[in-house]
Amino acid sequence: LRGALYNAGAPFLSTLAVVMIFLIQLLPLGFAALIYTALLSSGVASEGFGLMLLYVFIALTAILTLYWVTSTCIALVIVTLPGMYPMQAVRAAGDLVVGRRLRVLYRLLWLGLTIVLLWCVVMIPLVLLDSWLKDVWPLFTNVPMMPVMAGVMSAITLVWSSSYIYILYRKIVSDDAKPA
C-alpha cells in the first residue's frame, strides 16, 4: 500500500511529504518572528539590552533553521528518484551533506541572491516603464503588464532554481573529496 501510495502519482505525494517536513523545520523561525513582533509591539524590547537579546535569539534561531533546511532542499531532489520514500530521502540528504553543509548552504544562499538580483534588475525597470506608459497613454491603463511579467518571472525563477539545485545535487553525489 505504501509503494502504491507514493508511486501512483509519480513523486507528487513524496515531494509533498518532504515539503511538509520543510515547513515544519521553518516553524522555529516563524515562532521567533512572532515573539519579535509581540515584544516590539508591547514595548518590552524596544531598546537597549532587551533588544540586543532579542536579536541574538532571532539570529540563533535563524542559524538553526538554515542548518535544518539545507539538507531538506537536497532531499527535495532525492525524493524524485524512483522508489524513494520521503523519510528515506531526508536521511539520504542528511548523509550527503554531512561535512559539506556549510558549502551547500553558501550555494543555496547564492541561489537566493541571484534570484533577488534577477527580480530587481527585471521588475524595477518594468514597474517604472509601466507607470510611465500609463501616465503618457491612458490606453495602457487596462493592460495588465505587471501580473503577466510577474508570472513570467516566477516561471523563470522556478526553472532556474530547480536546475541549480539539481546540478548542486549531482556535484555533491559525484564529489570524491571526503567531508570536511
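A: In the second largest pocket, H7 gives the largest share of the lining, five residues. Helices here are DSSP runs of H or I with at least four residues, numbered from the N terminus. This is a predicted model, in which local features need pLDDT of at least 70 and side-chain atom pairs pLDDT 80 or more, while totals for chains, interfaces and linings use all residues. Residues are numbered from 1 along each chain as its sequence is written, and side-chain values use heavy atoms, without hydrogens and water.

Q: Which residues line the second largest pocket?

A: Rolling a probe the size of a water molecule over the atoms shows where empty space is left. A pocket is an open set of points on a 1 Å grid over the protein atoms alone where a 1.4 Å probe fits, with protein on both sides within 12 Å along at least five of seven lines; lining residues have an atom within 4 Å of a point. The lining comprises Arg100, Arg103, Val104, Arg107, Tyr164, Ile167, Leu168, Lys171, Ile172 and Asp175.

Q: Where does the largest pocket have its centre, by its nearest lining residues?

A: Among its 20 lining residues, Phe22, Cys73, Leu108, Leu111 and Ile165 lie nearest the centre. Helices H4 (49–78), H6 (101–136) and H7 (145–174) each give two or more residues to this lining.

Q: How many disulfides does the structure hold?

A: A disulfide is a covalent bond between the sulfur atoms of two cysteines. The structure holds zero disulfides, the criterion being a pair of cysteine sulfur atoms within 2.5 Å.
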